[in-house]
Amino acid sequence: MDQLDPVIHAPARLRIMTTLDESLADDDSMTFPRLRELLDMTAGNLTTHLAKLEAAGYVGIEKAFEGRKPVTRISLTLEGRAAFRTYRTTLLDLIGGTSS
């Protein structure tokens with residue numbers, strides 16, 4: 001039996017990965033405030049979980065300036081999308097559902 005990916009399995013990180021997978025096309029990104037708003041998480045909590053996902057290579061975090069304003073953009077890497085889909089398939093197999 002396959003194991004669930006422990007990086008994704010934490011509830012907050014699962015919510016982040018689900019939101020990014022459903023919201024973003026490949027090579028797309030969203031701002032940190034938008035992701036925080038969608039997840040209703042504190043900035044500190046979201047930052048902590050994004051750092052773990054980034055360390056695993058599942059998300060990309062890009063910091064830049066738009067004019068004089070700092071902007072942080074979050075993207076789902078190809079590795080992250082593949083890991084999330086594997087996680088989802090494994091979870092559905094465990095509970096007897098079907099993946100689509």
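**View 1. The largest nonpolar core of this predicted model has 22 residues.** A nonpolar core here is a set of buried Ala, Val, Leu, Ile, Met, Phe, Trp, Tyr and Cys residues joined through side-chain atoms within 4.5 Å. Buried means under 20% relative accessible area, exposed means over 50%, and partly exposed is in between (1.4 Å probe, protein chains only). The residues with the most contacts inside the core are Ile16, Met17, Leu20, Leu35, Leu46, Leu50 and Val59. Two or more residues each come from helix H2 (11-23), helix H3 (32-39), helix H4 (43-55), strand S3 (69-76) and helix H5 (78-95). Top contributor is H2, with four residues. In soluble globular proteins, nonpolar side chains tend to be buried together.

A quick note on the numbers: residues count from 1 along each chain as its sequence is written, and side-chain values use heavy atoms, with hydrogens and water left out. As this is a predicted model, local features need pLDDT of at least 70 and side-chain atom pairs count only at pLDDT 80 or more, while totals for chains, interfaces and linings use all residues.

**View 2. Here are the neighbours of Val59.** Not counting residues up to four places away in sequence, Val59 touches Met17, Leu20, Leu50, Leu53, Glu54, Ile74, Ser75, Leu76 and Thr77. Contact means heavy atoms within 4.5 Å. Met17, Leu20 and Leu50 also turn up among the core residues with the most contacts.

**View 3. Met30 sits in strand S1 (residues 30-31).** Met30 is buried, with a relative accessible area of 8%. Leaving aside neighbours within four places in sequence, Met30 is in contact with Leu20, Ser23, Leu24, Leu35, Leu38, Thr72, Arg73 and Ile74.

**View 4. Stepping back, the protein chain has five helices and three strands.** Helices (H or I, at least four residues) and strands (E, at least two) are DSSP runs, numbered from the N terminus. From that end, the order is α-α-β-α-α-β-β-α. Along its principal axes, the C-alpha trace spans about 50 × 25 × 20 Å. Of the 100 residues, 35% count as buried. Among contacts in the chain with a separation of 6 or more, 54% come from residues 24 or more positions apart.
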